[in-house]
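Visitor: I have a structure to look at and some time. Can you walk me through it?

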Amino acid sequence: MGRHYHKAIPMRPAYDEKLISFSSSLGDAICKGKPIPYADNDVTYMLDLQHKRIKEKNIEMDYEVFKWTNDSGLGNAFFDGEVWYDEHYISTVGLSFLGIKRRIRKDDQVIYQDKHRRDFYATITNIISGSQPDDDSYVCPNCSAVSTISELINGCPYCGTQYKMDDLFPKITGYYFFDSLRLTKKQVLIGWPVCTAACALFVLFCRPLIESIPDVAEILQSYSDPGYAAFILYGPIACIVWGGFFFLLLHLLSKLAKVIVDSGRMGTAKSREHFEQRMQNITPGFSFEYFKNKAISLIKTAVYSKDESELLCYKGEPLPSEFKDIIDLNYAGTFGLKEFNEEDGIISVMTKSYFDVLSIKDNTVSLTQPVISATFRRRTDIPVDLNFSMTKINCPACARSFNPVKNKFCPSCGKEYELISDDWVLVDLKMEK
């Protein structure tokens, strides 16, 4: 396991094209239910559930990822941030500077809208070894139609036969938006004048006190024209300069305070190193980056699901009703490892992560920033096999073909389908205020 940092250089063209296509299609996937290109199975399913949640709430959402400045379009190259790798996977984190605009309508009335400048992070994961049979031909055992493997991801296009299929890498395995440290034009146009006015008021009311300071009095007395000296110290130009200085200082301090508070609240120090050290003693795979993206996708899947008990990836108690009001859940860039246990071939990992949450209740939209704690488990007695595999799925009771990853109960007869999984499952999920 390990990581390799890069300078801020453009992402390689093949990955850059995938990230651009993914980010520009994100809004249509959430709001219109359109397919999202290059996403792995977890991200694809999670976005589909979010779209259904929005429809269930009987609201309309406009979600736009857009260029922020005229000379920095969505076609800009992503930056290659860092690379994480383990024995099986290599994950490349891409960074771009984009804008996010959200508008929510109820009965043709806008009930919420916001617009932010964000740093967009997305992770592309590829396998180090193993087969990648995207264009290989496969004969459907039910109807004998010939399709490529990639065409069968959502089932046979002719007869609907469903398959349990590994992801076809490389795929985008995670994404999130993080508050940008850079200043926006709106912040400058509002913040600088406000700070300048504050400096002017400070001088107006505190000038006698300032002039009582020996050093200031000495400066004033050194000029032949004390009025000219006072103008330099307290005049409009001085207030504008000092206003700009304090504006930049306050902006920096606010961002620094948020980082310190979030880090202390989450306890993320050395989480990555701790996870990888413990995992290395059990199995020489699964970097922290791969696990983090998987965990975030499982959290979102459980939150957006209509009935989490029907999910193959969820084994916990029924979720509180507050989770059912969430319509947009964005990981806010802080992911902490709280506990790590291994017993009888089962790994249990407890995490706490920081999210930006948009919820709607009684036609009122609210934005909160809670901490979500989650516990994940995984079997270690099934060896990792990166050779591609796919299996036709039929209900053993009624023979109907369906996708148990999305619904573990047969939609025809209701029988639970036992699908042995060697992947992570979510066993506990709580929201901390």
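Predicted model: local features only at pLDDT ≥ 70, side-chain atom pairs only at ≥ 80, totals over all residues.

Visitor: OK, rings. How many aromatic pairs are there in the whole structure?

Guide: A search finds twelve. Rings of Phe, Tyr and Trp (its six-membered ring) pair if their centres lie within 6.5 Å; planes under 30 degrees apart count as stacked, over 60 as edge-to-face and the rest as tilted.

Visitor: What sort of pair do F22 and Y175 form?

Guide: F22 and Y175 are edge-to-face, with 5.4 Å between centres and 65° between planes. F22 lies in helix α1 (residues 13-32) and Y175 in strand β9 (residues 171-179), so the pair ties together parts that are 153 residues apart in sequence. Helices (H or I, at least four residues) and strands (E, at least two) are DSSP runs, numbered from the N terminus.

Visitor: Are those two buried or exposed?

Guide: Both F22 and Y175 are buried. Buried means under 20% relative accessible area, exposed over 50%, and partly exposed in between (1.4 Å probe, protein chains only).

Visitor: Which aromatic cluster includes F22?

Guide: F22, F78, F120, Y175 and F177 form one cluster.

Visitor: What sits over the ring of Y175?

Guide: The charged end of K300 does, 4.7 Å from the ring centre. The rule is that NZ of Lys or CZ of Arg is within 6 Å of the ring centre and within 35 degrees of the ring normal. The charged end of R12 likewise sits over the ring of Y15, at 4.1 Å from its centre.

Visitor: New topic. How many cavities of 30 Å³ or more are there?

Guide: There are three. The largest cavity holds about 70 Å³ of space. On a 1 Å grid over the protein atoms alone, a cavity is a set of points where a 1.4 Å probe fits but cannot get out, and lining residues have an atom within 4 Å of a point. Grid points are joined across faces, edges and corners, and a volume is the space filled by probe spheres set on the points.

Visitor: Which residues line the largest one?

Guide: Among them are V43, M46, Y175, I296 and K300. The elements that give two or more residues to this lining are α2 (41-56), β9 and α8.

Visitor: Last thing. Where is W242?

Guide: W242 is in helix α6 (residues 236-266). It is partly exposed, at 46% relative accessibility. W242 and T196 are 46 residues apart in sequence, and their C-alpha atoms are 6.9 Å apart in space.

Visitor: And where is D325?

Guide: D325 is in the loop between α8 and β10. At 15% relative accessibility, D325 counts as buried. From D325 to S359 is 34 residues in sequence and 5.2 Å in space, C-alpha to C-alpha.

Definitions and conventions. Residues numbered from 1 in each chain as written. Heavy atoms only, no water. 1 Å grid on protein atoms, 1.4 Å probe; cavity = no way out; pocket = protein on both sides within 12 Å on 5 of 7 lines; lining within 4 Å.
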